[in-house]
Amino acid sequence: MAKYKRRSVEKAIIMALRDLGGSASRKQIRRTIAENEYDGLTYEGVYYTKHTRNGKYSPFLFNFNFGLKNLQSVGYVEELKRNQDVTLTDLGRSVDLTNYPTEEQQKAIAAYWNKKNTLRAERNKAKKVADEDKEEAVDSDDEQDSADNDWKTQLLDQIKKFSPAKFESFSRLLISKMGVSIDKIKGVQLSGDHGIDGFGYFRSDEFRTSRVAIQCKRYTSGTVGESEIRDFKGTMDSFNAEYGIFVTTSYYTDTAKEIAVQGNRTVTLIDGQELTDLVEKYQLHIKPVTTYALDDYYFEKD
């Protein structure tokens, strides 16, 4: 995976929020930036993980959270609140970003961080950070984002180490949690010999049952391209499947995404990042841990 170079990501955040209708979760914003590669960013860069002596952290996540605070300080997004969506202000929805940040905005941003640094100094009296790299991992002032990124990075790393057979079994298990009833014969015993990794049935709320074909690619590097999707759609025809689900630990090229939705039989694409989100959603072999972090309210001076 290509390394990520530290940079400003504010313009990409605004572009993503505008595409998302002006309000979205931080996770949705990051995903939209990665998929559309706004402002010169890449999918690999957004999800790049740096290894340090004290563990792993995401350089982009640091810039992302830093950028959100900058955007708040210049009035482009509403006040940021923990566990709530990020929302554009009227100014943020319509402003021309060509000259961002202006000299006046740079002063506003500097004033914001001067105040934050004072509060952080108070906080560090109670808790000192020993390593500079570790400080960067939590200095985003959003420990929850960092913690969420840490365990999902570990999860994806472990999934990439699965054997092909275990990854197929894992994917079928996850998809069954999503509501697809796996066919024990076509979906398990025969699937490997017929160009797919699973087959099942999904019944909608309208009591309509659809045939679902499943394909899995455990990639440690590289992308899933057009040819893989075309081959899968061809195999779907032999199973008379109405739609397909393609699961990978990597991600998809733009052409692969286009092919997936062409024709009568579409393919739902699940990449590595969405895979970890689905594991969280369906609580698949994970144990939730609840913790809390004090916000600035407890550190401000009278």
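**Reading helix packing and local geometry**

Analyst: Helix α9 (residues 164-177) packs with helix α13 (residues 272-281) at an angle of about 55 degrees, and their axes are 11 Å apart. Axes are lines fitted to C-alpha atoms, for helices over the stretch in contact, and angles run from 0 to 180 degrees between N-to-C directions; helices (H or I, at least four residues) are DSSP runs, numbered from the N terminus. This is a predicted model, in which local features need pLDDT of at least 70 and side-chain atom pairs count only at pLDDT 80 or more, whereas totals for chains, interfaces and linings use all residues. Residues are numbered from 1 along each chain as its sequence is written, and side-chain values use heavy atoms, with hydrogens and water left out.

User: How are α9 and α13 oriented to each other, and which residues meet?

Analyst: Angles under 35 degrees count as roughly parallel, over 145 as roughly antiparallel, 65 to 115 as roughly perpendicular and the rest as oblique; α9 and α13 are therefore oblique to each other. Contact means heavy atoms within 4.5 Å, and here Phe167, Phe170 and Leu174 of α9 meet Leu275, Leu278 and Val279 of α13.

User: What orientation do α1 and α2 have?

Analyst: Helix α1 (residues 10-19) and helix α2 (residues 26-36) pack at about 100 degrees with axes 9 Å apart, and are therefore roughly perpendicular to each other. Ala12, Ile13, Ala16 and Leu17 in α1 meet Ile29, Thr32 and Ile33 in α2.

User: How should I read backbone angles?

Analyst: Most residues other than glycine have a negative phi, and most peptide bonds are trans. In this model, Asp39, in the loop between α2 and α3 (43-46), has a positive phi near 50 degrees. A cis peptide bond, with omega about -5 degrees, joins Tyr100 and Pro101, and Pro101 lies in the loop between α5 (90-94) and α6 (103-126).

User: How many aromatic pairs are there?

Analyst: Rings of Phe, Tyr and Trp (its six-membered ring) pair if their centres lie within 6.5 Å; planes under 30 degrees apart count as stacked, over 60 as edge-to-face and the rest as tilted. The count comes to 13 aromatic pairs, among them the stacked pair of Phe62 and Phe66, at 6.2 Å centre to centre and 20 degrees between the planes. Because Phe62 and Phe66 are four residues apart in helix α4 (residues 59-73), about one helical turn separates them.

User: What pLDDT does the chain average?

Analyst: The pLDDT, the predictor's confidence in each residue from 0 to 100, averages 86 over the chain, with 88% of the residues scoring at least 70.

Conventions. Helices (H or I, at least four residues) and strands (E, at least two) are DSSP runs, numbered from the N terminus.
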